[in-house]
Amino acid sequence: THGMTYGRGRWAPFRERPTDRGADARRFRDQSFRLAGDLAELYGPALALSPAGSRTVLGRPATRYALSLSGRAPTPRPPPAAVPGGKYDRDTQGRIELLEGRLPTSLEGELVVDARTGVPLSVTLRGELTEKDDPALRCEVELSSRMTALGEAVPAVSAPPAALPDERKPKGVARALEASGLRKRSAPPGEDEAPGAAADAE
């Protein structure tokens, strides 16, 4: 807002992020609102959309699509890059095997898009995948996402109150030394600092 980005950890105060330029905001947006796209990529050609009529959403005409399995296999993913030692840890190996050998076994849901712009207004998806080399493994997914406001109904973004200034490189070591009473001594005018004098560290 007004050319400044603000960020914080869950329990920390907001700080100014002048060099961010919205990158974190876009990352959080993508993680929150592009889950449907990630799941669609996971299903690939196995995902089928069928026209299912129309409706009105937030005062705008919208088109409905039913989601189902197409019967086609998902697109194979390229093999992962080699790792030192030639193998992954057990958990990572299990995830890679699922991604490479995934077999969609069920899918149902609905996608509603704005009739004029094609912007998704709501999506519900329930499905299940298994792994070709381990049929006993099941991965169940369920997603429900919908837009609740458009245009002027969306509140304006305002700067958080009492936001702290940016501090990308906190003086961790120097601050600990100063808290212990060890501070860098300034040399008298015309004299160089003695070798080995304590110095601030950032």
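This is a predicted model: local features need pLDDT of at least 70, side-chain atom pairs count only at pLDDT 80 or more; totals for chains, interfaces and linings use all residues.
**Notebook: salt bridges and core**

Residues are numbered from 1 along each chain as its sequence is written, and side-chain values use heavy atoms, without hydrogens and water.

I then checked the partners of R138. R138 forms a salt bridge with E128, closest N and O atoms 3.2 Å apart (a side-chain nitrogen of Lys or Arg within 4 Å of a carboxyl oxygen of Asp or Glu). R138 lies in strand β7 and E128 in strand β6, so the pair ties together parts ten residues apart in sequence (strands are DSSP runs of E, at least two residues; helices are H or I, at least four; both numbered from the N terminus). E128 is buried at 17%. R138 also pairs with E140 at 3.4 Å, and E140 is exposed at 57%.

I counted seven salt bridges by this rule. R64 pairs with E110 at 2.5 Å, linking strands β4 and β5 across 46 residues. R64 is partly exposed at 25%; E110 is buried at 18%.

Last, I looked at the largest nonpolar core, which has 14 residues (buried Ala, Val, Leu, Ile, Met, Phe, Trp, Tyr and Cys joined through side-chain atoms within 4.5 Å). L39, Y43, L67 and L125 have the most contacts inside this core (contact: heavy atoms within 4.5 Å).

Notes
Buried means under 20% relative accessible area, exposed over 50%, partly exposed in between (1.4 Å probe, protein chains only).
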